[in-house]
Amino acid sequence: GRATCAARGPGAVRVAVLHLAETGTARLHRLLDPRVTGLSPQLSGAPGRQTGLVAVHKRAAGLVHAARRTSAPASLGATETSLGQEDVQSFGLEASAALHDALDVLRDVTSCELLAVHRGTLLDEDLPTGSGTLQMVLHQASEHLPTGVEDRPFGRDVGVIRHVLGVGWAYDVAPSVLDTASHPARETP
């Protein structure tokens, strides 16, 4: 019935997206741990004098915490309205808006993670480079990111990566991925 429909809509997708954001925040925390990465604590250029990306992790943790507090699916609590002239008020638009907000949190958390990856590559150029798509995103963003590892306000850097995730990299990656995935090469006679 109605409960099954509510569980399959934007609310279910939102819960999955928020889980990804929680997982991303945990990964970011691991990236700051020298026991995991072999890099300096908090990816700091001067451990003890500079805090590295601690504030970036706190940003991600705060966003996930705020999203978690408001994570009840908007589509739950359907209400009969208009003196029974309407079967139910489903709050579908609200559920879609809540999903949009969750996707925004995920993009921000992913941007924080990618900033940590960028910082890690600045601290150790011999780190693995990752997939082609990851390399493309980092290349696009690194053109606008600092080349040093000094502490600074990182909001602008996260914003640059958010932009690349939202728009910039797709123009370079999507056409080649779509062409090979949806149009396999044909053999010519």
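This is a predicted model: local features need pLDDT of at least 70, side-chain atom pairs count only at pLDDT 80 or more; totals for chains, interfaces and linings use all residues.
A salt bridge, as I use the term today, is a side-chain nitrogen of Lys or Arg within 4 Å of a carboxyl oxygen of Asp or Glu. Side chains of opposite charge can pair when their charged atoms come close.

Residues are numbered from 1 along each chain as its sequence is written, and side-chain values use heavy atoms, with hydrogens and water left out.

Let me start with the overall layout. The protein has seven helices and two strands, and along the sequence they follow the pattern α-α-α-α-β-β-α-α-α; helices (H or I, at least four residues) and strands (E, at least two) are DSSP runs, numbered from the N terminus. Buried residues make up 31% of the 189 residues, where buried means under 20% relative accessible area, exposed over 50%, and partly exposed in between, with a 1.4 Å probe and protein chains only. If we take contact to mean heavy atoms within 4.5 Å, then among contacts between residues at least 6 apart in sequence, 69% join residues at least 24 apart.

Now back to the salt bridges, of which the structure holds eight. In the pair I opened with, aspartate 104 lies in helix α5 and arginine 162 in helix α7, residues 155–182, so the bridge ties together parts that are 58 residues apart in sequence. Aspartate 104 itself, at 33% relative accessibility, counts as partly exposed. Is aspartate 108 buried or exposed? Aspartate 108 is buried, with a relative accessible area of 8%, whereas arginine 59 is partly exposed at 30%. Taken together, Arg59, Asp104, Asp108 and Arg162 are linked in a network of salt bridges.

Another salt bridge joins aspartate 157 and arginine 152, with 3.0 Å from N to O. Here aspartate 157 is buried, at 0% relative accessibility, and arginine 152 is partly exposed, at 33%.

Next, the empty spaces. Rolling a probe the size of a water molecule over the atoms shows where empty space is left. On a 1 Å grid over the protein atoms alone, a cavity is a set of points where a 1.4 Å probe fits but cannot get out, and a pocket is an open set with protein on both sides within 12 Å along at least five of seven lines; lining residues have an atom within 4 Å of a point. Grid points are joined across faces, edges and corners, and a volume is the space filled by probe spheres set on the points.

The largest pocket holds about 420 Å³ of space. It is lined by 19 residues, and those closest to its centre are Val117, Thr121, Leu127, Pro128 and Leu138. Which helix gives the most to this lining? That is α5, with six residues, and both α5 (92–123) and α6 (132–142) supply at least two each.

The largest cavity has a volume of about 50 Å³. Its lining includes His118, Pro146 and Asp157, so we meet the buried aspartate 157 again. Here too α5 gives the most to the lining, with four residues.

Histidine 118, one of the residues lining that cavity, belongs to helix α5 and is buried, with a relative accessible area of 9%. Leaving aside neighbours within four places in sequence, histidine 118 is in contact with Leu138, Ser142, Leu145 and Pro146. Leu138 is also among the buried residues of α6, together with Val137, Gln140 and Ala141. Seen down the axis of α6, these buried residues fall within an arc of 160°, so they line one face of the helix; the arc is that of the directions from the helix axis to the C-beta atoms.

I will finish with the loop between α3 (34–37) and α4, where glutamine 42 lies. The phi of glutamine 42 is near 55°, a positive value in a residue other than glycine.
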